Amino acid sequence: MKTSASVLTKLTLGLAIAGSIAACSQNKTADKPAAATTTATPDKETIVYVNSDTLLNKYEYFKDLSKRLEDKGKASQTDIQNRAQAWQREVADYQKNAATMPADQRQATEQRLTRKKQELDGYSQNAGAEFQNEQASENAKLYDKIADFAKIYAKEKGYKMVLTYSKANPTVLFGDPSLDVTLDVVKRLNEAYAKDKK
């Protein structure tokens, strides 16, 4: 009970102080002429945004990264499919010949095929996990590359904040088009990437 009473007391005291400050501020502004109370709008916006959908569609580094990952994913999938088909052929051969095989040979073949299936499943899971890890690592590099560029860009242009907008993750519901710096950012990122590729 004491803590809730103490919190209530502090809250009441804080509100009283805030009210006093507001009252003092109102008295000061009431004494000033009307022209002095209007705030001038800054010549330049200090908060801008980048449309990440457009950025990713036009950023050459992201296009190359996506192609590399897609090719690697397809190659891995093809490898797994080939291994699975080879195992299925072995199973089909075993099923054809099982009736004529001695019991000990049948048992040994079944154990071998079971072991191969487990190895195939393990290989498939490991390949999938490895691909996801690589994808996460590449996405982190992409984010860092864009975020580092945004810091330099904001400092150069005098912006206080660079937001991101995406239809898939709409943290910004509306932004005046004059605040959209996406095309300039994409152009400069592509120029920097072209230099890095050389």
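A residue is called buried here at under 20% relative accessible area, exposed at over 50%, and partly exposed in between (1.4 Å probe, protein chains only). The model is predicted, so local features need pLDDT of at least 70, side-chain atom pairs count only at pLDDT 80 or more, and totals for chains, interfaces and linings use all residues. Residues are numbered from 1 along each chain as its sequence is written, and side-chain values use heavy atoms, with hydrogens and water left out.

**Overall layout**

The chain has six helices and two strands. Both kinds of element are DSSP runs numbered from the N terminus: helices are H or I with at least four residues, strands are E with at least two. Their order along the sequence is α-α-β-α-α-α-β-α. Contact means heavy atoms within 4.5 Å. Among contacts with a separation of 6 or more, 84% come from residues 24 or more positions apart. The accessible surface of the chain is about 14900 Å², and carbon and sulfur atoms hold 56% of that. Accessible areas come from the Shrake-Rupley method with a 1.4 Å probe; for residues, only the protein chains shown count as cover.

**Helix 5**

Helix 5 covers residues 103-157. It has 55 residues and reaches 80 Å from its first C-alpha to its last, close to the 81 Å expected at 1.5 Å a residue. The expected span is 1.5 Å times one less than the number of residues. Buried positions in helix 5 include T109, L113, L120 and A127. Further along, E138, L142, I146, A147, F149, Y153 and A154 are buried too. The packing partners of these buried residues are helix 3, helix 4, strand 2 and helix 6. After helix 5 comes G158, with a positive phi near 80°.

**Helix 6**

Helix 6 spans residues 182-197. Its 16 residues should span 22 Å at 1.5 Å a residue, and its end C-alpha atoms are 22 Å apart, which agrees. T182, V185, V186, L189, N190 and Y193 are buried in helix 6. Seen down the axis, these buried residues fall within an arc of 130°, so they line one face of helix 6. The arc is taken over the directions from the helix axis to the C-beta atoms. Exposed residues L183 and K195 sit on the face turned away from the buried side. The cover over the buried residues of helix 6 includes strand 1 (47-51), helix 3 (52-58), helix 4 and helix 5.

T54 lies in helix 3. T54 touches T182 and L183, not counting residues up to four places away in sequence. T54 is partly exposed, at 25% relative accessible area. The C-alpha atoms of T54 and Y165 are separated by 9.6 Å, although the two residues are 111 apart along the chain.

**Salt bridges**

Side chains of opposite charge can pair when their charged atoms come close. A salt bridge is a side-chain nitrogen of Lys or Arg within 4 Å of a carboxyl oxygen of Asp or Glu. The count comes to 15 salt bridges.

| Pair | N to O distance | Location |
|---|---|---|
| R112 and E90 | 2.5 Å | helix 5 and helix 4 |
| D121 and K117 | 3.0 Å | helix 5 |
| E191 and K187 | 3.8 Å | helix 6 |

R112 is partly exposed at 33% relative accessibility. E90 is partly exposed at 23%.

D121 and K117 are four residues apart in helix 5, so about one helical turn separates them. D121 is partly exposed at 34%, and K117 is partly exposed at 31%.

E191 and K187 are also four residues apart, about one turn of helix 6. E191 counts as partly exposed at 41%. Elsewhere, R68, E138 and K141 are linked in a network of salt bridges.

**A nonpolar surface patch**

I47, M161 and L163 make a nonpolar surface patch of about 230 Å². Patches are made of residues with over 30% relative accessible area and no salt bridge; like charges are joined within 9 Å, and nonpolar side chains (Val, Leu, Ile, Met, Phe, Trp, Tyr) within 5 Å. L163 lies in strand 2 (residues 161-165). L163 is partly exposed at 32% relative accessible area.
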